[in-house]
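Dear colleague,

I am passing on the model we spoke about, and my notes on it follow directly below.

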Amino acid sequence: MRSLSFLAYGAVLLSPALAAVTPAGKFAARPMTLPVRDLTIPAASQHIQWGNISMCAAISYDLVSFTDLNKTLPASSKWPSETYDIRGVFDGTIIKDGFEGHPSILYTATTPLGPLGATVTEIEGVETQAIAYTKDDGASWTKIPFGASGNPVIYNWPMQNLTGFRDPYVFPSPRLAALLAASAPSNTTDDGLMTSSGLFTSTSSTSALNKTSSDLFTTISGGVHGAGSKLFLYRQASRGDVKDWEYIGPILETGLNQSWSQWSGNFGINFETATANRLNETGDALDAGEDETAVDFLTFGTEGARDAVHQNHWALWSAVEYAVTDSGVVNSTILYSGVTDWGQSYAFVNFPYNNSRQISVGWTYEADPKLALATQMGYQGAFTTMRDIFVKRTRGVDPSPSANANLFAKASWGVKNETDGSVTVSTLGQRIIPESLAAWKAAANVSFPQTTSLNGSSELYQPFEQQPTGRFYVITGQFEFEPNATGVVGIRVLASDLEYTDIFYDPVAEDLTVVRESSSLIKSFNNETELAKLPLWRTLNSTSTTLNLTIVVDNSIIEVHANNEAVITTRAYPWLSNSTGAGLLAANLTGAAVTVSKLELWDGLVNSWPLRAENSSTGLVWDGPFAAIQGLWTGI
């Protein structure tokens, strides 16, 4: 499939395949949101680590194929060029009708005034928020002037001792606007407004809380040392003015290294790359509260509460209920909370599409902790597949403990008791966008492995009769479990006699795993097992449960999508050229047989970068001693 491999300007093509977005010859960092046709890609030009952090751009009209907007820096990029962003241009959000009506981006600008990061003592001014705009659909970008009425447009911290102050996510919210309009600011005086956070806001200028009709908001991610992660909410002070934002308060606060449940990851010490969206069962919900099926979600990355294999990061989400205090501060109560992707991925961002959908895309990093091979490859990092996100509801669930033991646990799902005695389970759903699936299947050589019954006498590995011809393919299948089935079943990919990666599901432990112990003969890569928690709900009048798997193999990237709910994105780097095979797995099975049906193998897929050279590599660069002297990242 020749992916969404965003090898931006200059490196070896990592995966000319489906879902990876790697800036050519660069360190692919984090995706941004887009208005209609532009996908903005942050990249460190000709580095494989930090360095001269910039944003580059590509265009897609169908979400399948992409074209680099311009192959030269800085014409199509936002790059460190001003005193307030000379350290690097970090994440931001596209605003379709922004500065003077032009498409604009609100982004984090960084300076070398002091240390930067969640584990150091950062000072105010190191991370601020700035505006750039384009008059030619992204072919070039202009930053608004520096100064009191220009950049940075958000400078002051809302609290002290912050662990971070970055990654603004701009979003419309009729729901928040309606809640704020209905609230009575009982403690407002002629002089100002005191919020629950203790921030005193002057009311001498237009107040976002009581003098604006704007429904445009932005979050800024961060935390407070020793207190935990926080998500700060701002509102556009005057409709149409993207330079003027007023602080409302922390919309989400979590305890230090707090975990909601075993299904939910850990909130860590600092939030990053957060988003805020209202969803229903079909996708985007932009109602003001009338849609009783809609749920408000916050998604975010967390720092400081995971292992080094995952770079101390979790990619998480929470379903929340908003409330406005008497002082006009929006608070969130978490209803249930889960994991966006359990594997080696991070920094997911959501963007609206066609006025009815929210699409999520993230960053998958390499499993090369010592960068032993990254300098030889000339790149690192890619983007994940694009995924529609929505409210997933499973109806008719059996409430009895014998059928669903953890149904009423504090977890990554909510429950509603129905009048017929059943339960409806709600969670965040995510599925690969149909545009990608349709294009891949249409371009692939499709085969249909036969329906199979796996039992205690089954071989551990049963190769498909028709095998993949390369390392770009998709496998789909359905596994049906009876209540007394034990053991593990799954699918093997990137397989030869000496190298293979095994994907298992255990219906008793409710664990989905990707076992990488034998993924590569090269031992410098991480090969730890990835694990996701996924219950299969048994419905009333049913004796079985069902697992639907979609597995995407994109050269070194493996994505496992289960039941439009749980996802594991991980890495495998086979050394042998014949490590391409695939087939079924079964181990330690007892009890009833497991039926495997609806199997399909899509071999080949599409090239998402049809205009790129097969080898687009250029040499890496060093920023030189001046960068180090000034406290900037030097890159390699």
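On the face of helix H1 that is turned away from its buried side sit the exposed residues Ala181 and Ala182, where exposed stands for over 50% relative accessible area, buried for under 20%, and partly exposed for what lies in between, with a 1.4 Å probe and protein chains only. The buried residues of H1, which spans residues 174–182, are Leu176, Ala177, Leu179 and Leu180. They lie on the same side of H1 because they cover an arc of only 165° around the axis, the arc being that of the directions from the helix axis to the C-beta atoms. An α-helix has 3.6 residues a turn, so residues three or four places apart point the same way. The cover over the buried residues of H1 includes strands E9 (162–172), E12 (216–224), E13 (228–236), E14 (245–253), E18 (313–324) and E19; contact here means heavy atoms within 4.5 Å, and helices (H or I, at least four residues) and strands (E, at least two) are DSSP runs numbered from the N terminus.

The model is a predicted one, in which local features need pLDDT of at least 70 and side-chain atom pairs count only at pLDDT 80 or more, while totals for chains, interfaces and linings use all residues. Residues are numbered from 1 along each chain as its sequence is written, and side-chain values use heavy atoms, with hydrogens and water left out.

For the chain as a whole, there are four helices and 38 strands, and buried residues make up 62% of its 636 residues. Among contacts between residues at least 6 apart in sequence, 65% join residues at least 24 apart.

Leu233 lies in strand E13 and is buried, with a relative accessible area of 1%. Leaving aside neighbours within four places in sequence, Leu233 is in contact with residues including Leu176, Phe171, Ile248 and Val330; Thr218, 15 residues away in sequence, is 6.0 Å from Leu233, C-alpha to C-alpha. Pro158 is placed in the loop between strand E8 (142–143) and E9, and at 9% relative accessibility Pro158 also counts as buried. Pro158 and Ile248 are 90 residues apart in sequence but 9.3 Å apart in space, C-alpha to C-alpha.

Thr302, in strand E17 (residues 295–303), is buried with a relative accessible area of 0%. The side chain of Thr302 reaches the backbone oxygen of Asn266 at 2.8 Å. Not counting residues up to four places away in sequence, Thr302 touches a set of residues that includes Asn266, Phe267, His313, Trp314 and Tyr346.

A search of the whole structure finds nine cavities of 30 Å³ or more, a cavity being a set of points on a 1 Å grid over the protein atoms alone where a 1.4 Å probe fits but cannot get out, with lining residues having an atom within 4 Å of a point. Grid points are joined across faces, edges and corners, and a volume is the space filled by probe spheres set on the points. The largest cavity has a volume of about 100 Å³. Of the 14 residues that line the largest cavity, Val339, Trp342, Ser412, Glu565 and Ala566 are the closest to its centre. Strands E19 (330–341) and E25 (423–432) are the elements that give two or more residues to this lining, and E25 gives the most, with three.

Best regards

Conventions. 1 Å grid on protein atoms, 1.4 Å probe; cavity = no way out; pocket = protein on both sides within 12 Å on 5 of 7 lines; lining within 4 Å. Polar contact = N/O pair within 3.5 Å; in protein donor to acceptor, adjacent residues only side chain to side chain.
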